[in-house]
Amino acid sequence: MAALEAAEAALGRRQEHHEEEEEENNSHDREGGGEPAAFNGLVISENVKSNNIGVKIPESELDAEDKGAEEEHPRESDSNILDVSSDYPRDKHISIQRHLADLEKLADLREDKRTPCPLCPEEKFKACYSHKLHRHLQNLHWKVSVEFEGYRMCICHLSCRPVKPNLVGDQTFSKMGAHYHCIICSATIVRRTDMIGHINRHVNKGETESRFITARAPKSSYRVVKESATDVQVLPNHSTPQKTDSYFNPKMKLNRQLIFCALAVLAGERKPIECLDAFGATGIMGLQWAKHLRSSVKVTINDCNENSVTIIKENCHLNKMKVKLSIKEEDNGETVGNGEENSDTIEVTKMDANVVMHLRSFDFIHLDPFGTSVDYLDSAFRNVRNLGIVSVTSTDISSLYAKAQHVALRHYGCNIVRTEYYKELAARTVIAAVARAAARCNKGIEVLLAVALEHFVLVVVRVLRGPTPADDSAKKVRYLIHCKWCEERVFQREGNMVEENPYQQLPCDCHGSMPGKTAVLLGPLWSGALFNTGFLRRMLLEAVQYGLDEAQPLLKTLICEAEGTTLKHFSTHSPGDENKQEECGVYIRTSNTSAESFLGHGKRKSEEVLRSVAKRQRAEHSAEHPPFYYNIHRHSIKGMNMPKLNKFLNYLSEAGYRVSRTHFDPMGVRTNAPLAQFKTVLLKYSTPTYVGAQAEGPVHLPGEIQQLKEINEAANHNPGQNLLEHMDQDSRAPEDPACPRQEPALHTRVKGSSQQLLPVQPHQQA
């Protein structure tokens with residue numbers, strides 16, 4: 001009886017609702033159309049209303065529709081469906097609310113009335129009283145919700161997720177499962193963890209404002225970052241390159257400073273120069289060029305992404321720089337800026353990097369793509385001007401550092417393995433690819449700088465136009481023979497003839513004493529120098545002038561590494577010696593004379609001067625730095641304490657070898673000494689590690705000395721051959737008072753005693 005009364009009441013409400021709609025629709029038609037009708041601040045289109053007008057509902061379907069009306073009734077009110085004060089679009093789902101009280105309003109809790117759950121169907125949760133429904137909403141829906149910018153996306157059990165129906169006979173059953181509704185794109189996600197990841201992907205893409213429309217984040221979500229007196233706006237996800245359009249990595253600050261110093265040196269040679277940042281992202285590198293070098297450079301920032309180009313233009317306005325639009329945009333737009341100087345103009349282009357470098361010529365080109373840069377090398381060397389500079393930053397560290405060797409073979413055509421000098425191996429791999437690309441364009445290269453750090457590999461080369469420099473550069477791309485037992489290495493000799501025994505080129509004798517194949521062929525690699533001392537010194541002067549503190553220590557290390565000296569003997573050139581430097585036929589401006597007065601007036605005369613200076617090239621005063629380095633920890637002797645690194649460098653220098661530290665490895669030693677002599681000096685000045693050894697000085701182990709003596713006999717052509725003879729004399733006569741250096745006697749442990757140590761005489765050791 002109660003059910004019959006409830007059905008009749010529902011039928012009456014339904015009929016009254018239709019009569020009200022018909023009256024409002026008739027009045028609207030009499031007014032002649034106009035704007036859509038609004039109910040309680042909610043805009044409802046005419047098409048939606050017209051679907052409910054003039055529809056006759058059979059009495060046989062009234063009972064079924066009454067239940068649907070009761071379920072849909074809470075969702076038809078203005079406060080239930082939408083949060084009118086929200087900034088988001090007004091069609092968000094009812095499961096998305098700000099507070100738990102808003103969710104309870106949907107249920108219309110009353111103590112004297114049973115109310116169904118607005119987020120659950122009647123088959124899952126029946127209508128109940130307010131106290132039970134409150135616990136249900138709080139525990140089942142609110143506690144497992146996903147929060148985003150003050151909103152809670154509660155779990156929903158309604159049949160709003162599209163699923164394939166199950167056909168059983170003539171009946172269709174729709175599967176209803178728990179799911180979440182995305183506040184941004186209205187997608188339905190089943191699992192909570194998947195929903196959190198879905199929201200994070202929207203945030204990383206900058207999609208936080210509207211539904212169904214992929215839009216950039218509003219300006220309020222931008223963050224201003226300042227670097228080297230340059231301000232740039234970045235997105236919150238600027239450090240995730242795979243999920244953002246404007247990638248900005250603060251860890252690459254050192255890389256940007258080194259490139260700026262190289263450009264500043266080139267700007268001192270000739271001006272103005274046209275420079276290109278092929279992958280602008282936020283445009284911070286090009287902005288630093290234009291802001292500090294001013295009229296010496298004409299900066300072009302390019303990016304193929306529309307959002308990145310927009311951010312670059314905004315950052316130009318933020319730094320009070322005028323933007324020169326491309327040819328296609330000049331008809332529709334205007335150049336915006338402060339209008340003070342023409343030197344503050346930056347050209348921003350939106351096209352593929354290969355297209356830009358094919359269309360125009362530049363004096364300075366910087367390539368910093370995401371991953372490998374081999375796809376852009378041919379275009380970079382196609383139109384770069386003579387004596388220009390190309391800088392390449394490679395961030396595909398996994399392949400260059402021999403973690404993914406198949407990728408290095410695919411990208412660079414180079415076979416590499418993981419060695420102790422893997423960072424220098426990576427730098428030489430990139431330079432070899434650069435040299436081959438330049439040779440294909442009938443150009444040669446001179447390596448000015450090669451840096452391999454934790455996050456990137458930077459190579460800066462100068463371009464030399466002509467077939468002769470191209471042939472000279474191509475000849476320096478050679479293979480490397482690497483011993484897998486002792487890690488000795490040597491570049492393969494020049495020539496096309498096949499050698500009968502390539503192992504003879506190695507200084508070690510591992511192939512004769514070890515069974516099987518002991519060496520591997522790596523490459524092709526760049527076998528020439530990695531640094532230009534004069535260019536590095538001028539880069540250091542520019543770093544001091546512009547206050548680039550992070551680049552100065554690295555540049556000092558690179559200069560010492562190029563000269564084969566230590567920081568103790570580091571000194572800068574005086575102004576009188578500065579005018580003697582000459583690199584690749586480029587006149588270096590000094591404080592006394594200017595480049596303009598030297599080159600004279602006129603294009604032809606300046607070209608003749610450059611050509612004549614190029615013919616008068618002379619080699620550096622110091623010999624080329626030795627290739628590769630040794631890690632002192634890698635070759636340490638077990639049971640012995642190594643000397644301090646700086647002292648060990650002095651010991652090698654006293655032995656007659658060139659020695660320096662290297663930026664590739666903090667414990668690496670770059671020297672022209674072979675590995676056998678390196679181990680000999682390291683052994684001589686090592687001390688035992690056991691407790692109780694009070695004497696100081698070199699101590700020798702006879703077994704290892706015998707092994708090193710055999711190695712030295714095989715490598716009898718080395719200059720440090722006589723070291724073992726002195727060591728042998730010292731170890732055989734430790735008690736000779738005429739010996740200037742008393743060697744401590746070796747100790748052995750007595751059986752049954754854990755503390756007492758007894759000296760062992762030389763005749764007992766035999």
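Predicted model: local features only at pLDDT ≥ 70, side-chain atom pairs only at ≥ 80, totals over all residues.
The protein has 766 residues, of which 46% count as buried. Its secondary structure comprises 27 helices and 31 strands. Contacts were considered at a sequence separation of 6 or more. Of these, 63% join residues 24 or more positions apart.

Helix H5 spans residues 100-107. Of its 8 residues, 6 are buried, so the helix is largely enclosed by the rest of the structure. The buried set consists of Leu100, Asp102, Leu103, Glu104, Leu106 and Ala107. Just after H5 comes Asp108, with a positive phi of about 55 degrees.

Helix H6 covers residues 130-142. Ser130, Leu133, His136, Leu137, His141 and Trp142 are its buried residues. Viewed down the axis of H6, they fall within an arc of 145 degrees, so they line one face of the helix.

A UniProt record, from an unreviewed entry, places the feature "domain: C2H2-type" at residues 182-202. In the model, this span is 52% helix and 10% strand. The C-alpha atoms at its ends lie 10 Å apart.

Strand S16 (residues 362-367) is mostly covered, with 6 of its 6 residues buried. S16 pairs with strand S12 (residues 273-277) in the parallel sense, over 3 bridges. Within this pairing, Leu276 stands opposite Ile365 of S16. S16 also runs parallel to strand S17 (residues 384-394), to which 5 bridges join it. Here Leu367 has Val392 of S17 as its bridge partner. Strands of a sheet pair through backbone hydrogen bonds, in either a parallel or an antiparallel sense.

Val392 is also a contact of Val457. The largest nonpolar core holds 112 residues. Within that core, Phe381, Ile445, Val457 and Met539 touch the most other members. Another core, of 21 residues, lies apart from the largest one. Its members include Ile481, Cys486, Leu675 and Tyr685. In soluble globular proteins, nonpolar side chains tend to be buried together.

Ile481 also takes part in strand pairing: its bridge partner in S21 is Val490. Strand S20 (residues 477-483) pairs with S21 in the antiparallel sense, over 3 bridges. Both strands belong to an open sheet of 3 strands. The order is S21-S20-S22, and the pairing is antiparallel. The edge strands are S21 (489-491) and S22 (519-526), each pairing on one side only. From one strand to the next, the twist averages 25 degrees. Helix H15 (residues 422-440) packs on this sheet and touches S20, S21 and S22. The direction of H15 makes about 50 degrees with that of S22.

Key: Residues numbered from 1 in each chain as written. Heavy atoms only, no water. Pairing = 2+ DSSP bridges. Helix = DSSP H or I, 4+ residues; strand = E, 2+ residues; numbered from the N terminus. Axes fitted to C-alpha atoms, helices over the stretch in contact; angles between N-to-C directions. Contact = heavy atoms within 4.5 Å. Buried < 20%, exposed > 50% of the residue type's maximum accessible area, 1.4 Å probe, protein only. UniProt positions renumbered as here; feature names shortened; annotations may be inferred. Arc of directions from axis to C-beta. Core = buried A, V, L, I, M, F, W, Y, C linked by side-chain atoms within 4.5 Å. Lists of a residue's contacts leave out its neighbours within four places in sequence.
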